[in-house]
Amino acid sequence: MRSWIDHGTDVLEEPSPSLVGQLVEAGQPFWLDIENPTDEIIDRLAARLGLHPLAVEDSKQFGQRGKLQIYGNVAMMVGFGLDQQMREPVEVHCYYTARFLMTLHRAPSPALDALRQEACVRPLLETDPIQAVHRLVSSLHDPFPAFVVGLDERLDAVEQQVLREADDDDLTEITAIRHQAAAMRQTLTPGRDLTSRMPLVLSLPGATPDTQMYFEDLSDELQRFVADLTAIEERCITLLGLQASLAGNHLAVVSRRLATVATIFLPISFLTGFWGENFNVLTGTIEKGWTAFLILSVGLTVTCILVTIFILSRRRWT
């Protein structure tokens with residue numbers, strides 16, 4: 001477990017629960033962040049901060065969808081950021097009142113670490129707590145544009161490869177990109193829907209006339225991300241159809257060439273079988289000398305090939 005608290009002018013690593021209790025009793029604003037909290041720590045904080053049992057149960061289990069629930073004077077929010085490699089979502093539980101913020105997450109969150117270094121959240125808790133929440137949630141969303149651009153670039157590369165030469169590896173990559181975009185879209189969609197529920201948003205502790213504006217900004221961000229991810233999914237579906245079409249065309253070309261070769265050798269096989277019959281009229285009189293060999297064997301074979309190619313070319317079968 002890794003934790004820190006931003007209060008006053010200090011950021012303290014591994015704070016004790018008693019310090020949290022003192023800050024709550026004194027009414028001093030603070031931001032407490034805990035990475036990979038144990039159930040015991042969550043229970044002790046719930047007792048100190050007066051957290052609702054339902055919210056505590058969610059934070060013990062994780063694996064939640066985006067949500068916003070208000071329990072008295074404490075609001076519990078579930079949002080998502082991205083890990084360091086920008087591949088997997090990081091689920092963040094945020095407890096908010098007009099005086100403090102507490103964030104819980106199982107995996108490291110680069111966005112929260114960067115926000116901590118900026119030291120801009122705790123001062124906002126003194127002047128405009130809603131703006132502090134907006135700043136925190138918006139920082140979680142900062143990596144998503146780069147994530148979307150990365151998927152687009154991967155898809156562009158695969159598209160060029162498919163146009164050059166479609167193979168099974170391209171099919172695997174397209175499917176992986178589609179699944180990644182779909183999973184991230186499903187993760188962000190509940191949050192997008194929640195930020196547009198203004199009656200719920202305006203009931204947050206410390207809500208001001210500007211609260212709606214802040215959450216509309218978050219809603220616009222999430223709507224854009226969801227729309228971009230949906231567009232990537234649609235591109236993947238289109239590219240899968242293109243890949244299947246190109247693979248089918250390639251198979252058709254190969255089959256046509258094989259059919260052409262078979263058509264050419266069909267009359268040659270007939271002639272070979274005919275002149276190979278053991279009849280005296282053939283072997284005793286006609287099939288003698290170099291002249292017969294050149295005319296009957298070489299000449300007829302070349303003539304069959306040329307005539308067959310000419311007929312196939314005229315009818316555009318090649």
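A crossing of two helices is termed left-handed if the near helix is turned anticlockwise from the far one by less than a right angle, and right-handed if it is turned clockwise. The structure is a predicted model, in which local features need pLDDT of at least 70 and side-chain atom pairs count only at pLDDT 80 or more, whereas totals for chains, interfaces and linings use all residues. Residues are numbered from 1 along each chain as its sequence is written, and side-chain values use heavy atoms, with hydrogens and water left out.

By the crossing criterion, H1 passes H2 in a right-handed manner; helices (H or I, at least four residues) and strands (E, at least two) are DSSP runs numbered from the N terminus. Helix H1 (residues 17-26) packs on helix H2 (residues 39-49) at an angle of about 20°, their axes lying 10 Å apart, which makes H1 roughly parallel to H2 (angles under 35 degrees count as roughly parallel, over 145 as roughly antiparallel, 65 to 115 as roughly perpendicular and the rest as oblique). Axes are lines fitted to C-alpha atoms, for helices over the stretch in contact, and angles run from 0 to 180 degrees between N-to-C directions. Contact (heavy atoms within 4.5 Å) joins Pro17, Ser18, Val20, Gly21 and Val24 of H1 to Arg44, Leu45, Arg48 and Leu49 of H2. This contact comprises five nonpolar, two polar and two charged residues, where Ala, Val, Leu, Ile, Met, Phe, Trp, Tyr, Cys and Pro count as nonpolar, Asp, Glu, Lys and Arg as charged, and the others, Gly among them, as polar.

For helix H4 (residues 110-118) and H6, the packing angle is about 135° and the axes are 8 Å apart; the two helices are therefore oblique to each other. Ala111, Leu112, Leu115 and Glu118 of H4 meet Arg135, Leu136, Ser139 and Leu140 of H6.

Grid points are joined across faces, edges and corners, and a volume is the space filled by probe spheres set on the points. The largest cavity has a volume of about 280 Å³, and of its 21 lining residues Val78, Gly79, Val137, Gly191 and Thr195 are the closest to its centre. H8 contributes the most to this lining, with five residues. The second largest pocket, of about 160 Å³, is lined by 13 residues, namely eight nonpolar, four polar and one charged.

Notes
On a 1 Å grid over the protein atoms alone, a cavity is a set of points where a 1.4 Å probe fits but cannot get out, and a pocket is an open set with protein on both sides within 12 Å along at least five of seven lines; lining residues have an atom within 4 Å of a point.
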